[in-house]
Amino acid sequence: MIQMKQINHQFIIGKKKRKTIVPVLENVNFQIKQGEIVTIVGKSGSGKSTLLNLLSGYIRPTNGEIFIKDQNVTKLSEGDWADFRIQNLGFIFQSFQLIPSMTAYQNIELPLILKGASNIARKQQALDMLEMVGLSDHADYYPNELSGGQQQRVSIARALVVKPPIILADEPTGSLDSENEQELLNFIQKLNRDLNITFLIITHDDQVAAIGHRTLLIKDGKLQEEKVHEVHR
Amino acid sequence: MKFIDKIRFVRQNMKKNRMRVFMTVLATAIGCAFLIMLASVGFGLQKSIITDLTEGKVLNEIYIHGKEDPGPENKSYMSDKDIEYFESIDNVKAVTRLQYLHYSQEAVVSIEDYQIQPRVAVSYFPAEVEMGMELSEGRLPSTDNEVLVGYNFKEYLEKPSEDANEPKVSYEDELIGQNLQLKIRKFDQTGNIEYKTIPLKVVGIKEKLANEFDKDTNITISDALFQQIEEFTQTKKGEVLFQEIEYEEDYLDGVQLNGERLYDRVSVYTQNVEQVKGVSEEIREKGYINTSVTDQIQEINTLFLVMKIGLIFVGTIALIIASIGIFNTMTMAVTERSSDIGIMKAIGAHPSTIRQIFLIESSYIGILGALIGTVSAFVLSKAVNIGLPFLIETMSEESSPEGLMFSYIPLSLVVISASISILVAVFSGWRPAKKATSVDVLKAMRRDL
């Protein structure tokens, strides 16, 4: 489903003579199968967010190739990446990234609008998603009128509404309290079981990491070890 | 993303900052109204002049002035041969021609004690009738001595008076059916002046001329009578040769009778106005100098076209100033919404979709501005056309020319101005829209991912 081959990435800091090259990822290779939940753990600055940004197409690798659903996405144009993203990827962000001027319903409807879905279809699907995340009665609430947990559920509903085969999540529980965190983790596992959605989750929380079938540890830009969780064997 | 959804997005975004959008639309509307009003003065004056020029005139008339090369005999008159040529041209409906009695004849027409010194002419009635010549009274002549008189003939048929201060007394009775006397003259061999009086009968009075300042005092006699006069004087057009003048031999040869008719005024009429240009050019190529009202209109139109282009250009400057406002509004909109743009891009919005949303927004401002500006310009134009004549009368104590239109807004001006407004708006929004597409997702989301 997802494959990274010999990925190297470096940032260039400063300009001209004063520029410094900072390597972020070095020779990263891994593969994720369909229906897997893979968690990536590592300290701050280890390169895990860069890894996710590469998989999201927000940045391009310095070297190496990325395959998603058997398609080499390394050299897609910005427009093609946008099309690929809307068709195949769902995103859950740490700080939810909801558009503040849009209601919960409108935020969830947004990917369907971008995809060009019909009015009837998108209304039905957005309402179904709201019901699925238990926020049917909060459809007309603006993000600032919702709690952190509710906002994250809206964010998940937005990620799921186009029924993507892959969801990329960056610290999805980072802004949630323990009760909401557990609720969200159960929900992710349910979605994985019921809809066979592949999850790639970046976290530094052991409890979150534990829900994955596998956990990859990244240290100083290199994949260090791979841990397969017993519970999922 | 569907177009209707983009429009919905734009409307939502514009509602967020109503006052700023309103001020930008207002600036565009003022620019558009200024452009229309400025150019409408050019359109108004052009319309007034053209209306004035064409009033009562036949637009399919080509007036023949003469030949470019009159030839060795210096004949600027048209002959029957020329008329034959004009009549043979395709699309020519009729050729009217007039022969005037020579000015040296100073023919006098009288009835009882009343006299007039009219212009004596011969016209070809079939062509005149074809071209719609109408009589205000009576009928067309049918015998040699029957004549038509101009509409103002009676008014100038006056009792001669030695005292110039004495009020003129015009003929008051019915003119149709009256007998007139045409008195012509020549010098005989001995140098004595010899007069001849020819009896005429008025059978018709011509229609009033379209231009009320033109007075028609002509008298139209028959071709036979004209020839009779020529035979009396033994010169073409009844020219009087004075004893005291020594004429050159060539000149004397030229005025000698040879049975040839020489026309003073020839007009060629086409079937319709569209054919005027073609026929006029064909005639010109054959060496005949000619003009037509259509030619004059074309010259005026060319002159006003240059003037209107100038006015539109000046007016466009106002719109360019308004475009700075649009640019500013759109740039601020992009800056304010960069976070939203980043989120949209992060979840899969195509860069072209983002660009189109902002271009639609700037176009929307342009369209609204053009709409409000056009309506305002129409109201202003109406007010100017009503108010300015009053103002002129008040300030100069003179009435403004009748039918003068100060401001006229044709559909073409509305289309041009609206197009310029919208184009300027789209152009102003282009760079901010481009900036929106290049918003960095990670920066916009504060590097959350």
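Predicted model: local features only at pLDDT ≥ 70, side-chain atom pairs only at ≥ 80, totals over all residues.
Colleague: What do Lys190(A) and Asp194(A) form?

Modeller: A salt bridge, with the closest N and O atoms of Lys190(A) and Asp194(A) 3.2 Å apart.

Colleague: Which residue does Arg153(A) meet in a salt bridge?

Modeller: Glu183(A), at 3.8 Å, N to O. This pair links distant parts of the chain: Arg153(A) is in helix H5 and Glu183(A) in helix H6 of chain A, 30 residues apart.

Colleague: Over to chain B. Which residue does Asp82(B) form a salt bridge with?

Modeller: Lys67(B), the closest N and O atoms being 3.4 Å apart. Asp82(B) lies in helix H3 of chain B and Lys67(B) in strand E1, so the pair ties together parts 15 residues apart in sequence.

Colleague: Is Asp82(B) buried or exposed?

Modeller: Asp82(B) is buried, with a relative accessible area of 5%, whereas Lys67(B) is partly exposed at 25%.

Colleague: How many salt bridges over all chains?

Modeller: The count comes to 21. Glu109(A), Arg122(A), Asp5(B) and Arg8(B) are linked in a network of them.

Colleague: New topic. Where is the kink in H11(B)?

Modeller: At Trp430(B), shortly before the proline Pro432(B), and it is about 35 degrees. Helix H11 of chain B has 27 residues and reaches 37 Å from its first C-alpha to its last, close to the 39 Å expected.

Conventions: Residues numbered from 1 in each chain as written. Chains lettered and ligands numbered in written order. Heavy atoms only, no water. Helix = DSSP H or I, 4+ residues; strand = E, 2+ residues; numbered from the N terminus. Expected span 1.5 Å × (residues − 1). Bend = angle between axes of the 7 residues up to and from the residue. Salt bridge = Lys/Arg side-chain N within 4 Å of Asp/Glu carboxyl O. Buried < 20%, exposed > 50% of the residue type's maximum accessible area, 1.4 Å probe, protein only.
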